Amino acid sequence: MTKKALNQNAKYDQKFIDFIEPNFEFSNKSLDRFKSFETVDYNANEDKTMLLKNLKEKIDSIENCNLKNNAKKLVMGDGDITSPIMLVGEAPGELEDNSGKSFQGEVGSLLKKMLAAINIKIEKVYLTYSINFRPPEDRKPTTQEIKRYSIFLKEHISIINPKIVVLMGSTAMEAVTGLSNRISVERGKWNEIILKNKTIPLMITFNPSYLIRFPENKKYSWEDLKKIRKKIKDLNIKI
């Protein structure tokens, strides 16, 4: 008697189908590489908590910043600082600005479901933003603002030292890679960033807040999630 082969993807698909269209498309993209300017090199034995505290103080001391002047709180990051997976959003919204916590409300609920679809608990990843203060009226940060805060973001990534970075939204994409193309053109590709001679796989995808406004694009985020899941398996990452 022969055993029937199990579809290992079925359990993941069903979870995501619960809140996303069932018709998915898949594609293979070429690998690109982005070399970052210099960031701080951190010894693995250093205390991440202290390094993050110092970085937060550095961000909070920024001067002549319209974003900081109009925001209530600095939103640094949440989750597991030892996680191999780091997710970078665009900027805090009203709920995040009021609470000082990342990915709150409906956006956080959707992100939690997206991660659960590939068997990852949101508490097991590290979450942050490319901009640490809420932009006035939730406007898109300017190119100058993105560049200014990208220095802090790249230092943030170096401290967390993840094995995979996921950039969610065009602001996060521009902050780390310098790309200013439409995110629909760049998403779904495996790229690499180099921070102080360390190469980190990077995936660009849609921000959950965008998917709430345009749910028809959730099927493309599911493509990206499956690629992330495969990369985690290929790299034998435990999470």
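## Lys121

Lys121 sits in the loop between helix H5 (105–116) and strand E4 (126–129); helices (H or I, at least four residues) and strands (E, at least two) are DSSP runs, numbered from the N terminus. The model is a predicted one, where local features need pLDDT of at least 70 and side-chain atom pairs count only at pLDDT 80 or more, while totals for chains, interfaces and linings use all residues. Residues are numbered from 1 along each chain as its sequence is written, and side-chain values use heavy atoms, with hydrogens and water left out.

Lys121 is exposed, at 58% relative accessible area (exposed means over 50%, buried under 20%, partly exposed in between, with a 1.4 Å probe and protein chains only). Along the sequence Lys121 and Ile239 are 118 residues apart, yet their C-alpha atoms are 8.6 Å apart in space.

## Asp78 and Lys101

There are nine salt bridges in the structure, each a side-chain nitrogen of Lys or Arg within 4 Å of a carboxyl oxygen of Asp or Glu. One of them pairs Asp78 with Lys101 at 3.6 Å, N to O. Asp78 is in strand E2 (residues 77–79) and Lys101 in the loop between helix H4 (94–99) and H5, so this pair ties together parts 23 residues apart in sequence. Asp78 is buried at 18% relative accessibility, whereas Lys101 is partly exposed at 45%.

## Around helix H10

Asp224 and Arg187 form a salt bridge at 2.7 Å, N to O. Asp224 belongs to helix H10 (residues 218–234), and Arg187 to the loop between helix H8 (183–186) and strand E6 (190–195), 37 residues away. Both Asp224 and Arg187 are buried. Salt bridges with shared partners join Arg187, Glu223 and Asp224 into one network.
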